[in-house]
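Visitor: Could you walk me through this protein, one question at a time?
Guide: Gladly! Let us look at it together.

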Amino acid sequence: RGSLPVALKPLVERICAHVARVDTDNWGVLAALQLPLPGDGVHGVNVRSVELHEYSERGRKECATHTDFGSLFTCDILLSDTSDFEGGRMLAPTFAGSPPHTCFEDEQPFERGDALVFLSHKPHAVGAWRGGTRRTLVVELWDGPTCVGNHRCMGSSGEERGGSRRVPPQADGS
């Protein structure tokens with residue numbers, strides 16, 4: 001097993017607090033599942049993955065529509081200034097039961113330092129990159145043990161194997 005690097009803990013704690021506030025204001029998933037956030041590394045809601053996504057000449061060019069299957073919440077934090085890149089817009093459909101400020105549409109700004117939180121099972125994408133460098137920190141949270149290592153844990157034991165997570169349909173309006 002293991003734990004998150006000490007240097008990441010304060011950042012992850014701030015992200016977890018933000019996710020908990022957004023959930024309380026919008027969906028109530030944590031209350032419906034009776035899960036603490038952050039968890040203790042084994043029980044509750046814990047970090048599934050922390051990834052740096054780079055869109056650049058040598059990096060990604062786009063990210064097709066997908067879901068972050070197995071996670072409960074995804075938090076994207078834009079690290080680059082929007083003047084540093086062209087394209088690479090965060091895309092997602094309007095979510096049933098979600099107020100407008102939780103959706104990613106043209107009129108919703110995503111500026112350096114912004115943290116966009118959404119339910120991981122909702123489809124989302126990043127549009128085609130056209131130039132510069134776009135960096136985003138992506139943190140996924142799930143109701144499994146804290147995942148450590150250079151991979152995405154898949155099973156309830158935190159190991160790389162199949163498993164499913166739960167989101168109560170009544171909590172997110174779908």
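**A guided tour**

Guide: Starting at the N terminus, the elements of the protein follow one another as α-α-β-β-β-β-β-β-β-β-β-α. Please keep in mind that this is a predicted model.

Visitor: How many helices and strands are there in the protein?
Guide: The run of elements from the N terminus on is α-α-β-β-β-β-β-β-β-β-β-α. Counted by kind, that gives three helices and nine strands.

Visitor: What share of the residues in the protein is buried?
Guide: A residue counts as buried when its relative accessible area is under 20%. The protein has 174 residues, and the buried share of them is 45%.

Visitor: Among contacts between residues at least 6 apart in sequence, what share joins residues at least 24 apart?
Guide: Contact here means heavy atoms within 4.5 Å. Of the contacts in the protein between residues at least 6 apart in sequence, the share joining residues at least 24 apart is 76%.

Visitor: Which strands are the edge strands of the open sheet of four?
Guide: The order in this sheet is β1-β9-β3-β6, and the pairing is antiparallel. An edge strand pairs on one side only, and here the edge strands are β1 (46–55) and β6 (115–119).

Visitor: How many bridges join β1 to β9?
Guide: These two strands run antiparallel. One spot to look at is E51, which stands opposite V138 in β9. In total, the bridges joining β1 to β9 number nine.

Visitor: And over how many bridges do β3 and β9 pair?
Guide: β3 and strand β9 (residues 134–142) pair in the antiparallel sense. F73, for example, has L141 as its bridge partner in β9. The number of bridges between β3 and β9 is six.

Visitor: Is β9 largely enclosed by the rest of the structure or largely open, and how many of its residues are buried?
Guide: The strand has nine residues, and because eight of them are buried, β9 is largely enclosed by the rest of the structure. The number of buried residues in β9 is eight.

Visitor: Which residue forms a salt bridge with E140?
Guide: A search of the whole structure finds two salt bridges. In the one with E140, the closest N and O atoms are 3.8 Å apart, and the partner is R48. E140 lies in strand β9 and R48 in strand β1, so the pair ties together parts that are 92 residues apart in sequence. Both residues are buried, E140 as well as R48.

Visitor: Are E54 and R135 buried or partly exposed?
Guide: The side chains of E54 and R135 also meet in a salt bridge, at 2.8 Å from N to O. E54 lies in strand β1 and R135 in strand β9, so this pair ties together parts that are 81 residues apart in sequence. E54 has a relative accessible area of 28%, so it counts as partly exposed. With a relative accessible area of 35%, R135 is likewise partly exposed.

Visitor: Is T74 buried or exposed?
Guide: T74 is found in strand β3 (residues 73–78). Its relative accessibility is 1%, so T74 counts as buried.

Visitor: Which side chains make polar contacts with the side chain of T74?
Guide: Leaving aside neighbours within four places in sequence, T74 is in contact with several residues, including L116, V117 and F118. A polar contact of 2.7 Å links the side chain of T74 to that of D68. Another, of 2.8 Å, joins the side chains of T74 and S120.

Visitor: Are the rings of W27 and F73 stacked, edge-to-face or tilted?
Guide: One aromatic pair is counted. The ring centres of W27 and F73 are 6.4 Å apart and their planes are at 35°, so the pair is tilted.

Visitor: Which strands are at the edges of the open sheet of three?
Guide: The order of this sheet is β2-β7-β5, with antiparallel pairing. Two bridges join β2 to strand β7 (residues 124–126), and C63 stands opposite V126 in β7. The edge strands, each pairing on one side only, are β2 (63–66) and β5 (90–91).

Definitions and conventions. Residues are numbered from 1 along each chain as its sequence is written. This is a predicted model: local features need pLDDT of at least 70, side-chain atom pairs count only at pLDDT 80 or more; totals for chains, interfaces and linings use all residues. Side-chain values use heavy atoms; hydrogens and water are left out. Buried means under 20% relative accessible area, exposed over 50%, partly exposed in between (1.4 Å probe, protein chains only). A polar contact is a pair of N or O atoms within 3.5 Å; within protein, one must be able to donate a hydrogen and the other to accept it, and residues adjacent in sequence count only if both atoms are side-chain atoms. Two strands pair if DSSP finds at least two bridges between them. Rings of Phe, Tyr and Trp (its six-membered ring) pair if their centres lie within 6.5 Å; planes under 30 degrees apart count as stacked, over 60 as edge-to-face and the rest as tilted. A salt bridge is a side-chain nitrogen of Lys or Arg within 4 Å of a carboxyl oxygen of Asp or Glu.
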